[in-house]
Amino acid sequence: MSDKSVILAADVGGTTTSVGLVDHQGEVLTQRLASTRGNGLTIERIVSLLGEVKREGDRQGLEVEGIGIGIPGAIEKGTGRIGPEIHNLPELANLPLGRLLTERFSLPVFVDNDVNALALGEGYFGVARGIQNFALLAVGTGVGSGVVVNGKLVRGASGYGSEFGHVPLNLDGRPCFCGSQGCLKTYVSGPDVAAQAHERLRDRPSGLLWELAGGDPQRVDAELVFQAAKAGDPLAAGLVEEVCRYLGAGMAVIINGLNPELVILTGGVAESLREHFPEICRWCHRYAFAGAISAAKLVCLSQDKRTSVRGPAALVLYELGK
Ligand SMILES: [Zn+2]
């Protein structure tokens, strides 16, 4: 390993993909943001973005020692094959991405769930540095989580380990794409916050949220709900209160299940609700074992799409045992 050795990393999102070169200290040396879907196949798009950034590294005399990829879905353990359920990018379902990229680039390739990678990124370069037991809950378009226990990433028997977005919190609750119902995700993800607002506005089409949307339910998204709640709209404020309560309960499931030292709440919805974080923590205290939550630090963390490649870069260091 030379001091010019870097990781080629990609954080593949439902809409945007970030590709970059990251050094062993987590410094992002080169970074490219592009829409995940180009004109052709999504896989070709990913390969061409990786190739582009790698060539840039070659020009700078950097030596790429491995490739790390974060994917928004479950990944088959050990093979880098994408699982059958990849909600935001169904065209990538069952794709043997690890093998394809190994053949294409002749480098060690590691593919994992994007939130697992994000958690490792915090463990190597961020707020969880030096912490052996921690969990990260990412709440945005979907709800994902990554868990590290005794310094090891938890993947489980078939790659579904730590899917805390899909713990059933309401036995007769809202249907979920995962086939279950009442999952944490169905109450707190951005699209689900919007859907619950739609349902309530259907029964009571009035108030500030209704006005902000110009009477058009299609214009109600999570951000508009949060904005209306801030301005005192009772319907939106009530919904935000419930979202906080569910988030607190979801974090309590993690705390009672794992007894971590740190729980990181992150993602677009978490960031929008940052000023409600104390309330989320209060609910978490209400639902978790006192002895377990007293050992856990709770933090709300902002993410920057420009540095999200640090997650899959950390995945490579983790897999190479560095
Ligand atoms: Zn679910």
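Colleague: Which residues of helix 3 are buried?

Modeller: This is a predicted model, in which local features need pLDDT of at least 70, side-chain atom pairs count only at pLDDT 80 or more, and totals for chains, interfaces and linings use all residues. Residues are numbered from 1 along each chain as its sequence is written. A residue is buried if 20 or more other C-beta atoms, placed from the backbone, lie within 10 Å of its own, exposed if 12 or fewer do, and partly exposed in between. The buried residues of helix 3 are Asp114, Val115, Asn116, Ala117, Leu118, Ala119, Leu120, Gly121, Glu122, Gly123, Tyr124 and Phe125.

Colleague: What distance does helix 3 reach from its first C-alpha to its last?

Modeller: Helices are DSSP runs (H or I, at least four residues) and strands likewise (E, at least two), numbered from the N terminus. The expected span of a helix is 1.5 Å times one less than its number of residues. Helix 3 has 12 residues, and its reach is close to the expected 16 Å; the value is 16 Å.

Colleague: Which helix gives the largest share of the side of domain 1 that touches domain 2?

Modeller: An automatic or database domain assignment divides the chain into domain 1 (5-126 + 305-319) and domain 2 (134-301). Counting residues as in contact if their C-beta atoms, placed from the backbone, lie within 7 Å, 19 residues of domain 1 are in contact with 16 residues of domain 2. The largest share of this side of domain 1, eight residues, comes from helix 3.

Colleague: Is Asn150 buried or exposed?

Modeller: Asn150 is found in the loop between strand 7 and strand 8. Its phi is positive, about 50°, although Asn150 is not a glycine. Because Asn150 has 7 C-beta neighbours inside 10 Å, it counts as exposed.

Colleague: Is Ser162 buried or exposed?

Modeller: Ser162 lies in the loop between strand 8 and helix 4 (185-188). Ser162 is a residue other than glycine with a positive phi, near 65°. Because Ser162 has 25 C-beta neighbours inside 10 Å, it counts as buried.

Technical notes: Contact = placed C-beta atoms within 7 Å.
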